[in-house]
Amino acid sequence: MTGAVVMESKTNKKVFWGALAAGLLALGILLVSFGVSGVAYAVPIAGVGDFYVEFDKLEGEGYTFYPKLGETSSSDATPQGTNIIEKLTIDNLQLYKDFQVGGEWIRVKIQASKPVQISGLQHDAGLIEANAKFQNLALAENNSTDWTKQFQQTSSTIILEDAKLKTHYLFQETINMAGMKLTVEKIDKK
């Protein structure tokens with residue numbers, strides 16, 4: 001053996017266990033605060049490409065819709081619509097995104113087993129399929145050189161049933177997802 005250098009290192013156990021305990025304590029405080037209140041604040045979901053939102057029923061108050069060009073994972077400017085709802089409740093909410101990894105498909109899915117309460121929702125969609133009911137529905141044209149301001153739909157209430165939405169952006173000021181479950185699984189997609 002000529003010129004071989006063997007190096008040994010030691011882990012400072014005091015520093016290691018102190019850092020691990022501090023990290024676990026911080027994580028525990030975060031999880032307990034979510035568990036006690038069940039509320040997360042200012043939750044944007046964007047930049048992950050098209051994802052889908054499905055639910056049995058949505059009941060909302062203070063609805064506004066307007067068209068826009070928005071960014072997606074494959075384009076800088078895709079036609080879509082912005083939906084703003086001040087306050088809403090959703091039954092059987094499921095959000096999911098499919099990823100192709102190598103030759104297989106993986107689905108990341110978030111679902112809630114209990115009604116979800118949201119305030120301050122902004123949702124950009126390329127497609128909405130649902131049975132819809134509105135109260136005090138108004139469709140209005142406006143004189144503007146900006147095409148996104150030329151048309152607007154508003155209603156005092158909105159109900160969507162058996163809905164599937166192709167979503168590009170989702171933001172909530174507050175969301176209460178009691179019974180939330182997150183899964184990552186392989187799926188059979190052709």
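1. Let's start with the surroundings of Asn83. Leaving aside neighbours within four places in sequence, Asn83 is in contact (heavy atoms within 4.5 Å) with Tyr63, Thr64, Phe65, Leu121, Gln122, His123, Ala125 and Ile128. Asn83 sits in strand β2 (residues 78–91); helices (H or I, at least four residues) and strands (E, at least two) are DSSP runs, numbered from the N terminus. With 5% relative accessibility, Asn83 counts as buried, where buried means under 20% relative accessible area, exposed over 50%, and partly exposed in between (1.4 Å probe, protein chains only).

2. A word on what you are looking at: this is a predicted model, in which local features need pLDDT of at least 70 and side-chain atom pairs count only at pLDDT 80 or more, while totals for chains, interfaces and linings use all residues. Residues are numbered from 1 along each chain as its sequence is written, and side-chain values use heavy atoms, with hydrogens and water left out.

3. Which side chain makes a polar contact with the side chain of Asn83? That partner is Tyr63, at 2.7 Å. A polar contact is a pair of N or O atoms within 3.5 Å; within protein, one must be able to donate a hydrogen and the other to accept it, and residues adjacent in sequence count only if both atoms are side-chain atoms.

4. Now for the rings. Rings of Phe, Tyr and Trp (its six-membered ring) pair if their centres lie within 6.5 Å; planes under 30 degrees apart count as stacked, over 60 as edge-to-face and the rest as tilted. By this rule there are 2 aromatic pairs. Tyr52 and Tyr96 are stacked, 5.7 Å centre to centre with 25 degrees between the planes. Tyr52 belongs to strand β1 (residues 39–70) and Tyr96 to strand β3 (residues 94–101), 44 residues apart. Tyr52 is partly exposed at 27% relative accessibility, whereas Tyr96 is buried at 8%.

5. Tyr63 comes back here: Tyr63 and Phe134 form a tilted pair, 5.8 Å centre to centre and 35 degrees between the planes. Tyr63 lies in strand β1 and Phe134 in strand β5, so this pair ties together parts 71 residues apart in sequence. Tyr63 is buried at 6%, and Phe134 is partly exposed at 33%.

6. Arg107 lies over the face of Tyr96, 4.1 Å from the ring centre, and Lys164 lies over the face of Tyr52, at 5.1 Å. The rule asks for NZ of Lys or CZ of Arg within 6 Å of the ring centre and within 35 degrees of the ring normal.
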